[in-house]
Amino acid sequence: MNTCKKGLCKIDILIGTGLLLLILVFFTVFTYYAPDGRAVMGALATAAIATFLVEALQGFVLGDIFDIKFLKETGSLAGTLSGVIVAFLVALSRKINPQNSALLAVAFAEIGLIPALFAAYLMSFVIRFIEKKITNGMDFIIVVLFCIPVGRLLGVWFTPLVDGSLLKIGGIIDVAMNTSPLLMGLILGGIVTVVGTSPLSSMALTAMLGLTGVPMAVAALTAFASSFMNTTLLHRLKIGNLKSVISIAIEPLSKADLVSSNPVPIYVTNFIGGGLAGMVIAYSGLVNDAPGTAAPTPGILVMFGFNPALDVLKYAAIAAAICFIVGWVMSYVFRNYPIRNSEVTGYKSKIIENKANPTVNEA
């Protein structure tokens, strides 16, 4: 039962929305301007899937449904490895050799995903310097004697800071969702689907905030439903070929060049469709206690671990229908918008003219 005062509800909504936007701005800057920022954010998203998704599917779905203790234990253990996995992937994304990457990773056993991310990123600068200055295979000795203990100290030090900041923001969003589900469903659903098509990654965002419960259910199912919206929009506007359209439906980040070439129709459509779907899901009663699973395929699969299957299928179908309709309508709205397609060959990207829109200027 909602017992909050009207003024306090508004404050919760404003604080939750404002902090969410602040986090988006910070990590957008990090993605584009920090050394290897985009690769590091990709490592974070991958680590969230490799741990939280495995935990949810093995432990909560297969383990609970079939009552198999072995699978429950597998899922539970996977969830405790988030710090180790993200540290290893961050080190690799920073071009540290595999041996030293693995050595750094062991420092973060039983340390959370986000503290390990920050600590490993800082230590990657030190290890790269060591690899450059110390040769003949002796660098790993320094990593073992110096970098592992320092990295763990950083991870331990970052843990209360993360709990008191990023995770607290997730808690505020949860409170705001309870006090005004309609508005927060609109805001969160819209933002998650837009972020899902940007280099930031909706998986990374929701993992950083530690979203659970109703907010994470909104994020997961709107991410799933956005596949139908993006497929419809891209196909009707002739953005990319069939292979590209399918790739974006499965994982939007796989064709970031197409999205960045046509941000206005894609971002506007995603915010509208995601927001409308989010409003429905916010009132559905569905929950998701696996943070970081806001992506098309994980988003639908993980929901079965926390909710009745028929409810998941019903609201997933409703959200997908909403997004499909929005994609269809917005394709008509943007029918005369100058569309740019990007041809990617190796490491080169070239913007080419879309034959369906001959007025486009070549970049």
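Visitor: Which residues are buried in helix 15?

Guide: This is a predicted model, and in its helix 15 the buried residues are P296, P298, G299, I300, V302 and M303.

Visitor: What makes helix 15 mostly covered?

Guide: Helix 15 spans residues 296-303, and six of its eight residues are buried, a word that applies to a relative accessible area under 20%. For the background, buried residues make up 50% of the 363 residues in the protein chain, which has 16 helices and two strands.

Visitor: Why are helix 4 and helix 6 called roughly parallel?

Guide: The axes of helix 4 (residues 82-93) and helix 6 (residues 113-133) come within 8 Å and cross at roughly 30°. Angles under 35 degrees count as roughly parallel, and helix 4 and helix 6 are therefore described in that way. Their crossing is right-handed.

Visitor: Which residues of helix 4 and helix 6 meet, and how many of them are charged?

Guide: From helix 4 come S82, G83, V86, A87 and V90, which meet L113, A116, L117, A120 and Y121 of helix 6. By class, this contact has eight nonpolar and two polar residues, with no charged ones.

Visitor: Why is helix 6 called roughly antiparallel to helix 7?

Guide: The axes of helix 6 and helix 7 also come within 8 Å, but they cross at roughly 155°. The term applies to angles over 145 degrees, and so helix 6 is roughly antiparallel to helix 7. The crossing of helix 6 and helix 7 is right-handed.

Visitor: Which residues make the contact between helix 6 and helix 7?

Guide: Among them are I114, F118, L122, V126 and E131 of helix 6, together with D139, I142, F146, L154 and F158 of helix 7. The residues of the contact divide into 17 nonpolar, three polar and two charged.

Visitor: How many aromatic pairs are found in the whole structure, and what makes the pair of F30 and Y121 edge-to-face?

Guide: A search of the whole structure finds seven aromatic pairs. For F30 and Y121, the distance is 5.3 Å centre to centre and the angle between the planes is 65°. F30 lies in helix 1 (residues 6-33) and Y121 in helix 6, so the pair ties together parts that are 91 residues apart in sequence. Both F30 and Y121 are buried, and F30, Y121 and F125 form one aromatic cluster.

Visitor: Why is the pair of F118 and F158 edge-to-face?

Guide: The ring centres of F118 and F158 are 6.1 Å apart and the planes are at 70°, so the pair is edge-to-face by the cut-off of over 60 degrees. The pair links distant parts of the chain, with F118 in helix 6 and F158 in helix 7 (residues 139-163), 40 residues apart.

Visitor: What makes S331 count as buried or exposed?

Guide: S331, which lies in helix 16 (residues 309-333), has 4% relative accessibility and therefore counts as buried. Leaving aside its neighbours within four places in sequence, S331 is in contact with L233, R236 and L237.

Visitor: Why does D289 count as partly exposed?

Guide: D289 is found in the loop between helix 14 (263-282) and helix 15. Its relative accessibility is 41%, a value between the limits of 20% and 50%, and D289 therefore counts as partly exposed. Neighbours within four places in sequence aside, D289 is in contact with T212, G213 and F306.

Visitor: How is E55 in helix 2 (residues 37-65) classed?

Guide: E55 lies in helix 2 and is partly exposed, with a relative accessible area of 23%. Apart from neighbours within four places in sequence, E55 is in contact with F60, G75, A78 and G79.

Notes:
Residues are numbered from 1 along each chain as its sequence is written. This is a predicted model: local features need pLDDT of at least 70, side-chain atom pairs count only at pLDDT 80 or more; totals for chains, interfaces and linings use all residues. Side-chain values use heavy atoms; hydrogens and water are left out. Axes are lines fitted to C-alpha atoms, for helices over the stretch in contact, and angles run from 0 to 180 degrees between N-to-C directions. Helices (H or I, at least four residues) and strands (E, at least two) are DSSP runs, numbered from the N terminus. Angles under 35 degrees count as roughly parallel, over 145 as roughly antiparallel, 65 to 115 as roughly perpendicular and the rest as oblique. A crossing is left-handed if the near helix is turned anticlockwise from the far one by less than a right angle, and right-handed if clockwise. Contact means heavy atoms within 4.5 Å. Ala, Val, Leu, Ile, Met, Phe, Trp, Tyr, Cys and Pro count as nonpolar, Asp, Glu, Lys and Arg as charged, and the others, Gly among them, as polar. Rings of Phe, Tyr and Trp (its six-membered ring) pair if their centres lie within 6.5 Å; planes under 30 degrees apart count as stacked, over 60 as edge-to-face and the rest as tilted. Buried means under 20% relative accessible area, exposed over 50%, partly exposed in between (1.4 Å probe, protein chains only).
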